[in-house]
Every structure is written in structure tokens, then in C-alpha cells.
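Hi everyone, thanks for coming.

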Amino acid sequence: MSIMPAARDHFDETLAAASPDLLRTMVREFAQRMMTAELDELVVSFRSRPDGGPYTFVWIDALTRRCARAAGP
């Protein structure tokens, strides 16, 4: 069984008959698939990056105290 792409006329008729909500949904889903594919590539490249050895880091912990002074002379 061969799968043939839809004829251009049929596609144009289907697109013209589609509701604006359906078109918005189709565009949103397509954009999500494109972003997901791009993010997947970035994650793979990040996970497969070479290990640069020991990493130096600094841990900073800040403590803030508030003081209230009584108003007076």
C-alpha cells in the first residue's frame, strides 16, 4: 500500500474550510513540536559535552536581619 501526499487542490479546499480555532490549534501544535525538537537537540549536546574536570565554585549564604527602632527623642 502506497501513501500518496494529498493533492494540492484538496489541501487548499480543506484549509479554506477549516475554522480559525482549528487553524490556531494547528499552528500552536506545530510551533510546540518545533520548539521541542530544538530543545531536544540542545539537551543532547549539553549532556554529551566533554567533562572539563573539577569545577571551582563558591557558595554564598546571606543572612539579613531587620531591626526596628522605637521612635523617640
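Before I count anything: helices here are DSSP runs of H or I with at least four residues, strands are runs of E with at least two, and both are numbered from the N terminus. On that basis, this protein has 2 helices and 0 strands. Do keep in mind that what you see is a predicted model.

On to the side chains. The structure holds 1 salt bridge, and Asp 21 and Arg 24 are the partners, with 2.4 Å from N to O. Why are those two about one helical turn apart? Because they sit 3 residues apart in helix 2, which covers residues 20-47.

What about the rings? The count of aromatic pairs is 0. There is a charge over a ring, though: Arg 49 lies over the face of Phe 46, 3.8 Å from the ring centre.

That's my tour, and I'm happy to chat about any of it.

Methods: Residues numbered from 1 in each chain as written. Predicted model: local features only at pLDDT ≥ 70, side-chain atom pairs only at ≥ 80, totals over all residues. Heavy atoms only, no water. Phe/Tyr/Trp six-rings, centres within 6.5 Å; stacked < 30°, edge-to-face > 60°. Lys NZ or Arg CZ within 6 Å of the ring centre and 35° of its normal. Salt bridge = Lys/Arg side-chain N within 4 Å of Asp/Glu carboxyl O.
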